[in-house]
Amino acid sequence: MPDIRHATRAELDTIIDWAAKEGWNPGLEDANAFWAADPEGYWVATEHDVLAAAISVVRYGSQYAFLGLYIAEPAYRGRGIGLALWKHAIARAEGRTIGLDGVVAQQENYRRSGFAWSHANIRYAGVVDVAEPPGTNLIDVAPVHAAALIDYDRRFNPARRDAFLHEWTKQLQTRRSVVLLRDGTIVGYGTIRACREGFKIGPLFADNETGADLIFRKVAAGTKRALIHLDIPEPNASARALCARYNMKPVFETARMYRGPVPDLPLARIYGITTFELG
């Protein structure tokens, strides 16, 4: 049997490199935000002190967790190591509802593990050429927005994500986050980040389609016609229309699945998920 333990912070960098090799296209500076979300949410299986497999079950509060980064090194596949790690990490969710985004080929396996299908997520990609919209209601996220931003984000997620958002929305050379304000109140926000290939926008939450379009153009304008990816919940027709408007095409599909009660989320106002969740 493999040795199973918590991953170290340095090992998380290795796991993200594994994700890149799998074609998941992680962001260039994702690791700090991932780690901040739940430093004890990352697990590895080793054989003779060599990393063989990894998984994350990141806990958000006492009721919810999200599973991702489930990868075995090719040389260790087909030996039950990943399954042993899966069972160990699932048990550590301690009765929480667990969400995941499952690729089409694995969805039946996830069903056998007690996960129920909720909806499809579709990744759209395209080269976007837009000008930054004028006006003063779209501004870069700053520390003064932190409390209100966390409260707003909670409307679109099953639990609060305080520590994660503190890192995710930092303004870095490789990422930018903006809020849309109306009378001083947040009515939308979005983050764009540089990835191994192009950029990803996510999250992109807004009270209406007009707001989502403004935020999209605000963050996409600085990419200089690089490839942009946006992962949308398929039931959101307005999100599909936004992608069509900017000539983005579907390139990848997953299913949002849950083990436990399915959260009631406002999918019509979710225009882009945080692509950490496609780990």
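Salt bridges in the predicted model

Arg217 and Asp213 sit together in helix α7 (residues 209-220), 4 residues apart, or about one turn of the helix. Helices here are DSSP runs of H or I with at least four residues, strands are runs of E with at least two, and both are numbered from the N terminus. The side chains of these two residues, Arg217 and Asp213, meet in a salt bridge, at 2.8 Å from N to O. The term covers a side-chain nitrogen of Lys or Arg within 4 Å of a carboxyl oxygen of Asp or Glu. Asp213 is buried at 10% relative accessibility, while Arg217 is partly exposed at 22% (buried is under 20% relative accessible area, exposed over 50%, and partly exposed in between, with a 1.4 Å probe and protein chains only).

This is a predicted model, in which local features need pLDDT of at least 70 and side-chain atom pairs count only at pLDDT 80 or more, whereas totals for chains, interfaces and linings use all residues. Residues are numbered from 1 along each chain as its sequence is written, and side-chain values use heavy atoms, with hydrogens and water left out.

In all, the structure holds 26 salt bridges. One of them pairs Glu22 with Arg77, with the closest N and O atoms 2.7 Å apart. That pair ties together distant parts of the chain, 55 residues apart: Glu22 is in the loop between α1 (9-21) and α2 (31-37), and Arg77 is in the loop between β4 (64-72) and α3 (81-91). Glu22 is partly exposed, at 36% relative accessible area, and Arg77 is also partly exposed, at 40%.

Another salt bridge joins the side chains of Glu167 and Lys170, at 3.2 Å from N to O. Lys170 counts as partly exposed, with 34% relative accessibility.
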